[in-house]
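Subject: Handing over a structure, with notes

Dear colleague,

I am passing this structure on to you, and I would be glad if you could look through it before reading my notes. The notes come after it.

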Amino acid sequence: MAPVRLRDIRKRFDRIDVLKGVDLDIADGEFISLVGPSGCGKSTLLRIIAGLERQTSGSVEIGGETVDGVPPAARNLAMVFQSYALYPHLSVFDNIAVPLRMRRMSALQRAPLLRWLLPGTRAAERGIREDTGKVAELLGLEALLARKPAQLSGGQRQRVAVGRAIVRDPRAFLLDEPLSNLDAKLRVHMRTEIAQLHRRLGVTFIYVTHDQAEAMTMSDRIAVMMDGDIVQVGTPEEIYDDPQHLRVAEFIGSPKTNVFDAEAGAGGRITLAGRPLPLVLARPGSGKVRIGLRPEALSLAPVSEAIIEGRLSHRENLGAEVLLHIEATASPQPIIVRLDHGKARTVAPGAPVGVTFAPASALCFDAVGRRFPLVETAVLREAVNG
Amino acid sequence: MADSAAALSPVRASSGAPPLRMRLSAIKRGLATLSLLLPALTLMLLLLIGPVAAVLVMSLTDYQLGSPTWSFIGVQNYVDLFGDRVFWRSLSNTLLYVAIVVPVSVALGLGTALLIEARSSLQFFYRSVFFIPVMATLIAMAISWEYMLHPQFGLINLMFKAVGLPARAWLSDPALVLPTLAVIGVWQLFGFNMVLFLAGLVSIPQHLYEAAEMDGARSAWSRFRLVTWPMLGPVTMFVVLISAIRSFQVFDTVHVLTKGGPSKASEVLLYTMYSEGFEFFRSGLAATIAVVFLGFVLLLTLLKARFIDKRVHY
């Protein structure tokens, strides 16, 4: 059992606070992603868990024991690096066998020619050969064992790096953006493979990425990090449907959430682009708010019935779906509307279009970005001047 | 048929030979190439190939410096040389010198590079301090060493006496003279090796060390064996080769300090060549020694091409 607990982790480089008090509980066997834009501190946090960096303050517990000050080799964790960090001079077999040799053999047993004179070396080597063979089989690397990393493709190198991590039978896997160096198609394929690997091994996976799609598709839970702090932790569904901060809503989900400036007037009634909506703030409040609407929550409507009016500026046909870019006065950025395959074929660029949405899909955020819950009113929309 | 053949290969005239136009432009291209190469070729001939060829020819003659006549004597010079006891002493001294200087200067260079790299401060100071012997004029340094090695009031012997060790005659004891010169050679050489190793160390990716730590390489020695030493492979080979060639060329210290003595105990190949050529004026014989020397350097280069270029990992 190896749950990981982070208590108030702070890290300061020179005079810059990279981590500002991070608390996180990771259950044993779960797949948790640390997502965030570049520079938010997620890689630093991972390295602190691994022991490669020392935190300025705060504690890390693995399996119930505090591991501060324990060297990385003793923490029984395995790490897959973004650049794979394979030893270029060793074959695939030797690369995977390195952790086993380090752990099971003494320094003399690893010495080049001397080792064969010592008792026990042959037996240890046989054991290592067996264990390495099993891992190679698991990852489909049997045919590549004699090759050097330079003779492998990116995906093969990545599997060797994963193999080197698996063979140690660690308490948790730490993965630092392992798919960033792969091409798009391979990345999609490897996402499935990694998720399946997690199910098969049942070990904790702590996965760092800046790609929200990877986090969404593979994780049991996601921790969204921004500027050295964890902004929200939850399942992918929670993060997507119920973001607690505007930045989370904007970061998760592609294409980006549309954000509109709106007003909460008397009684908390929301007014967007001059039109009152059947939405009211759930708690008392008033003033400027921001309404977030995901592209798939928007749809086209006749201009007379639409909530927002604009002009079509660009139509992106992705095959399975269609994205419309609409210029409107209600929003400084073009509004992006997602429609199903084949829709809106007859709308020409420059044509006036109307956009509407179900009130329940609106996400409301206050002036600083915190989520403000809304309540739908049963009252129908009043006339424009009402 | 003839039309399509002509369309596919318009070059071929009916007779099968390239037309005159093509041959002229080929000749012009050849001339252009030659004239562009000419400056470099001329310099190479004058400064490299020419002298080597001249030395080769001279080794087959009995030329004496300044004599108006000379004649070809074939391989007689070589026969004389290989029968000369002094030559064999000189060669074995040189090889012994190389065998001492190369491993020690490479190891010392690597050691200091590792130590400097591990520090975060004063790196610039240490790099400069150890590199100064490389830059300093060796003859001037050799004279300084002569005074330091003086049997009575030299610094080395004074220090030895201060700690209770017996003072030695470093440059006049036949058993000690070659090791002493080797020490001076190491002192002069290891700074250069250190700089080369520093460059190599800096280029080792940091994440390899991190992966090694995660894999369980806890001690500095196991990290060295797993990451540093293999990644320094090409640099090490290069350093060994350069050190070998430079130590083969030892001359300054011998000429200034010992003149090959006492009784040929510090006679080295280049010094023998010098004394034959410019003290005894037996230029033919000196040229022969030069050819032998060239042979050794060529051998080292061939070894490099064989081994270094094969075992490089990037």
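Predicted model: local features only at pLDDT ≥ 70, side-chain atom pairs only at ≥ 80, totals over all residues.

Residues are numbered from 1 along each chain as its sequence is written, chains are lettered from A and ligands numbered from 1 in the order in which they are written, and side-chain values use heavy atoms, with hydrogens and water left out.

To begin with the two chains, chain A and chain B bury about 1900 Å² between them, and 65% of this lies on carbon and sulfur atoms; buried area here is the accessible area (1.4 Å probe) that two parts lose on being put together, summed over both. Chain A brings 25 residues to the contact and chain B brings 19 residues, where contact means heavy atoms within 4.5 Å. On the chain A side, A:Tyr87, A:His89 and A:Met102 lose the most area to chain B, together 28% of what that side buries.

Chain B itself is divided into domain 1 (2-58) and domain 2 (76-313), with bounds that come from an automatic or database domain assignment. The centres of these two domains of chain B, taken over C-alpha atoms, are separated by 45 Å, and their contact takes four residues from domain 1 and seven residues from domain 2. Between them, domain 1 and domain 2 of chain B bury about 390 Å², 82% of it on carbon and sulfur atoms. Of the area that domain 1 of chain B buries against domain 2, B:Val55, B:Leu56 and B:Met58 supply 86%, more than any other three residues.

Next come the helices, which are DSSP runs (H or I, at least four residues), as strands are (E, at least two), numbered from the N terminus. In chain B, helix H13 (residues 269-279) and helix H14 (residues 283-307) pack at an angle of about 160°, with their axes 7 Å apart; axes are lines fitted to C-alpha atoms, for helices over the stretch in contact, and angles run from 0 to 180 degrees between N-to-C directions. H13(B) and H14(B) are therefore roughly antiparallel to each other (under 35 degrees counts as roughly parallel, over 145 as roughly antiparallel, 65 to 115 as roughly perpendicular and the rest as oblique). Among the residues that meet are B:Leu269 and B:Met273 in H13(B), and B:Ile289 and B:Phe293 in H14(B).

Helix H4 (residues 85-118) and helix H8 (residues 174-202) of chain B have axes that come within 6 Å and cross at roughly 40°, and H4(B) and H8(B) are therefore oblique to each other. Helix H10 (residues 220-231) and helix H11 (residues 233-248) of chain B cross at roughly 55°, their axes coming within 5 Å, so H10(B) and H11(B) are also oblique to each other. That contact is made by B:Trp229, B:Pro230 and B:Met231 of H10(B) with B:Gly233, B:Pro234 and B:Thr236 of H11(B).

Finally, there are two backbone details in chain A. Most residues other than glycine have a negative phi, and most peptide bonds are trans. A:Ser254 and A:Pro255, however, are joined by a cis peptide bond, with omega about 0°, and A:Pro255 is found in the loop between helix H9 (246-251) and strand E11 (258-264) of chain A. A:Asn76, a residue other than glycine, has a positive phi, near 60°, and its place is in the loop between strand E5 (65-66) and strand E6 (77-80) of chain A.

With best wishes
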